[in-house]
Amino acid sequence: MSSPTGSLPVNKSINAATLDWWRPARLLRNALEWKTFTVGVLIIVMFVFGAIFAPFVAPFDPAKPDFQSLLQPPSKAHLFGTDDKGRDIFSRVVFGTRISFTIALVAVGLATLLGVPIGLLAGFSGGKIDTVISRCLDAMFAFPVILLAIAILAITGVGLRGAIIAIGLVAVPEFARVSRAAMISEKENEYVTAARAIGASTSRIIVRNILPNTLGPIVVLVSLGFAFAILNETALSFLGLGAQPPTPSWGADLAAGRRYLRDAIWLSVFPGLAIFLLVLGLNLAGDGLRDLLDPRRNRR
């Protein structure tokens with residue numbers, strides 16, 4: 001079947017513009033112009049560095065108690081002080097970064113692998129399939145996130161494995177909704193009509209034509225999903241449902257510090273600051289990435 005002569009150039013030009021926009025040199029040039037994005041990336045890099053080189057950065061074993069150093073205030077020996085078991089809080093914050101990043105990476109990966117295909121299928125198919133999927137997603141949105149995560153943990157069991165599954169599953173509806181909206185906005189464009197005209201299969205149209213043009217919002221959601229995952233992991237650990245002692249966890253350390261807010265406030269301050277800074281960095285990077293990957297705002 002021959003295609004309309006006016007359709008194919010549209011397909012090629014749009015794909016060419018998309019590929020040009022995603023060139024590393026152009027992305028780097030534009031990224032340097034966003035100060036909030038740069039600040040966010042620098043904060044993230046600092047935490048990533050600490051997580052990777054935790055054994056070299058942390059001066060003490062984060063899980064080993066030292067009953068000769070109970071509740072010591074910040075000093076040269078213990079930068080962030082010690083907790084009620086004599087463990088160095090700075091070491092626990094550094095190693096806690098590893099736990100947070102591990103849970104966030106796996107949980108966001110799970111949400112992406114499940115939510116994006118579901119959303120793309122619903123948006124492309126339409127009709128009854130879209131209706132059924134959308135109503136199921138609406139039902140999941142009706143539950144508070146923490147309550148739904150706790151319900152999932154009741155099935156999977158508490159601990160890191162259960163927390164990862166729960167955080168990943170509660171994020172699936174958001175990933176599905178965003179990818180569905182992106183699919184709906186793209187599937188009626190002329191380059192999709194051109195691809196259908198030359199006999200391209202549905203899977204090829206989705207993967208080769210539509211998906212590259214929907215990556216922007218999905219990539220931004222992934223970056224913001226890390227902040228979502230870290231906050232939920234902290235909340236679950238705070239409730240005793242995430243990482244179990246003596247595993248270093250920011251949420252668990254915050255919960256333990258509640259009893260000493262008057263006498264040893266540093267037990268809660270430093271894990272809380274770590275959560276604040278990392279989530280701030282992820283949100284700044286996510287917002288900057290959203291603007292960076294939008295060619296309509298930044299075409300030069």
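This is a predicted model: local features need pLDDT of at least 70, side-chain atom pairs count only at pLDDT 80 or more; totals for chains, interfaces and linings use all residues.
Reader: Let's start with P246: where is its place in the chain?
Author: Helices (H or I, at least four residues) and strands (E, at least two) are DSSP runs counted from the N terminus. In that numbering, P246 falls in the loop between α10 and α11.

Reader: How do α8 and α10 run relative to each other?
Author: Axes are lines fitted to C-alpha atoms (for helices, over the stretch in contact), with angles from 0 to 180 degrees between N-to-C directions. Those of α8 (residues 160-186) and α10 (residues 202-238) come within 9 Å and cross at roughly 150 degrees. Angles under 35 degrees count as roughly parallel, over 145 as roughly antiparallel, 65 to 115 as roughly perpendicular and the rest as oblique. The pair is therefore roughly antiparallel.

Reader: Which hand does the crossing of α3 and α12 have?
Author: α3 (residues 35-52) packs on α12 at about 135 degrees, axes 7 Å apart. That makes α3 oblique to α12. A crossing is left-handed if the near helix is turned anticlockwise from the far one by less than a right angle, and right-handed if clockwise. The crossing of α3 and α12 is left-handed.

Reader: How far apart are the closest N and O atoms of R92 and D253?
Author: The structure holds 7 salt bridges (a side-chain nitrogen of Lys or Arg within 4 Å of a carboxyl oxygen of Asp or Glu). One of them links distant parts of the chain, R92 in α5 (residues 89-125) and D253 in α11, 161 residues apart. The closest N and O atoms of R92 and D253 are separated by 3.1 Å.

Reader: Where does L71, with its positive phi, lie?
Author: Phi of L71 is near 50 degrees, positive although the residue isn't glycine. L71 belongs to the loop between α4 (54-57) and α5.

Note on methods:
Residues are numbered from 1 along each chain as its sequence is written. Side-chain values use heavy atoms; hydrogens and water are left out.
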